[in-house]
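This report covers one structure, with attention to its salt bridges and its ligand. The sequence and the model come first.

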Amino acid sequence: MTTIDDCKVIDFPRIVRPQGSLTPVDGSFVPFDIARVYYLYDVPGGGTRGGHAHKELQQIIVSGMGSFAVELDDGCRRKTVRLNRAYYGLYVPRLIWREIVDFSSGGICLVLASLPYEEKEYIRDYREFLDYKYCNERSIS
Ligand code: TYD
């Protein structure tokens, strides 16, 4: 059973130079093979995205610019992680309900994902999420 305790902030390397900083991300820092990268941008200040869970997909969520908060919910407990630096990546395993809230104006959310995009992989209804998690996970824990 995945829980919010599995949602960890990874501290990526920082190469800091007077001309600017660089963060490389490769397989040694990410606990899955990266199949896809996407980014959210032009989100109005204070805006919200997400509001879903994934059946199998794992993600790393990074604030490439600005800040936002990720609200995580495993069906029993909740926690909120605020991301505001490009060298922090929040690992989110399968079957965690997440909402990304309180975007700063101009904020950019980068996502590294373990699978290609597939709509049937999403659970967009919270009740369905609880049922799916209960049926697919609780019986084997
Ligand atoms: P969605 O994942 O629902 O965005 P958010 O949860 O951040 O609000 O995606 C929004 C739309 O974009 C939806 O119609 C699906 C589409 N989409 C793709 O076509 N490819 C992708 O890789 C992603 C992430 C979304």
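Arg82 has a relative accessibility of 41% and counts as partly exposed, a class between buried (under 20% relative accessible area) and exposed (over 50%), taken with a 1.4 Å probe and protein chains only. The model is predicted: local features need pLDDT of at least 70, side-chain atom pairs count only at pLDDT 80 or more, and totals for chains, interfaces and linings use all residues. Residues are numbered from 1 along each chain as its sequence is written, and side-chain values use heavy atoms, with hydrogens and water left out.

Arg82 forms a salt bridge with Asp102, that is, a side-chain nitrogen of Lys or Arg within 4 Å of a carboxyl oxygen of Asp or Glu. Arg82 lies in strand β8 and Asp102 in the loop between β10 and β11 (108–113), so the pair ties together parts 20 residues apart in sequence. Asp102, at 40% relative accessibility, is partly exposed.

| Pair | N to O distance |
|---|---|
| Arg82 and Asp102 | 2.4 Å |
| Asp5 and Arg77 | 2.8 Å |
| Glu56 and Arg94 | 3.2 Å |

Both partners of the last pair are partly exposed, Glu56 at 43% and Arg94 at 21%.

A side-chain N or O atom of Arg49 is 2.9 Å from a ligand oxygen, and a side-chain N or O atom of Arg124 is 2.9 Å from a ligand oxygen.

Technical notes
Polar contact = N/O pair within 3.5 Å; in protein donor to acceptor, adjacent residues only side chain to side chain. Helix = DSSP H or I, 4+ residues; strand = E, 2+ residues; numbered from the N terminus.
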